[in-house]
Amino acid sequence: MPILTCPEADVPPALRTQVSELRDEAWPPDSASAPGTFAHDPALRPVSMLLVDDSSVLAALDILRKEIVHDGRRFRAAGLSTVVTGRAARGQGHGRRLVTAARTEMAAMELDLGLFTCDRPLQPFYESAGWQQLPGAVLIGGTPSDPFPSDRPGFDKVTMAAFLSPVGLRHRSSFPHSRIELYPGEIDRLW
């Protein structure tokens, strides 16, 4: 099964509709867990990855990118957003395949590191796809004037990472047990 990778804006309309349906299935619009919107900030240069069987989308995710400053250094960073596998296709390795491919795609984009948060029960899934937990690390989303930290009350998140470049690998020890100022903005508050 091929993985379609392209800028989010270039996803064909029929596939975009299916991705929207998968997201609504995972996060019903009227539920408390619904992100509210699935439109990404174009400034984060969203790239969509879709696992497609024939003309059916089985799993999808988006990669969002920006430069961050951490420990006095600039890093080209990206994160996973809206990772979803259709209910009927779960348990077959499709999500793992897509999340693994996303890490490879990020390396090909010449990024220094991948960073994102996930619900604590999903940590083993992401680790099985080659990501590692950053113990004690907190991503600070939102904006400097309206921060949205991943350790806010009621969240049970862990921070996952992949160090993708020589620069990222050389400075990986500065990320565990730190507060990482991601600041992706008001739309994608915590990618």
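The questions and answers below cover the sheet, the helices, the salt bridges and the cysteines of a predicted model.

Residues are numbered from 1 along each chain as its sequence is written. In this predicted model, local features need pLDDT of at least 70, side-chain atom pairs count only at pLDDT 80 or more, totals for chains, interfaces and linings use all residues, and side-chain values use heavy atoms, with hydrogens and water left out.

Me: What is the order of the strands in the open sheet of seven strands?
Reply: Strands (E, at least two residues) and helices (H or I, at least four) are DSSP runs, numbered from the N terminus. Two strands pair if DSSP finds at least two bridges between them. The pairing in this open sheet is mixed, and the order is β1-β2-β3-β4-β5-β9-β6.

Me: Which strands stand at the edges?
Reply: An edge strand here has a single partner strand, so one side of it is left without a neighbour in the sheet. The two are β1 (3–7) and β6 (132–133).

Me: About how many degrees does the direction of helix α1 make with that of β3?
Reply: Helix α1 (residues 13–26) packs on the sheet, touching β1, β2 (47–53), β3 (56–70) and β4 (73–85). Contact means heavy atoms within 4.5 Å. Axes are lines fitted to C-alpha atoms, for helices over the stretch in contact, and angles run from 0 to 180 degrees between N-to-C directions. For α1 and β3 the angle is about 85 degrees.

Me: How many residues apart in sequence are the parts that Glu25 and Arg87 tie together?
Reply: A salt bridge is a side-chain nitrogen of Lys or Arg within 4 Å of a carboxyl oxygen of Asp or Glu. Glu25 and Arg87 form one, with their closest N and O atoms 3.9 Å apart. Glu25 lies in helix α1 and Arg87 in the loop between β4 and α2, so the pair ties together parts whose separation in sequence is 62 residues.

Me: Is Arg87 buried or exposed?
Reply: Buried means under 20% relative accessible area, exposed over 50%, and partly exposed in between (1.4 Å probe, protein chains only). The relative accessibility of Arg87 is 52%, so Arg87 counts as exposed.

Me: How many disulfides does a search of the whole structure find?
Reply: A disulfide is a pair of cysteine sulfur atoms within 2.5 Å. Cys6 is buried at 12% relative accessible area, and Cys118 is buried at 4%. The number of disulfides found in the whole structure is zero.
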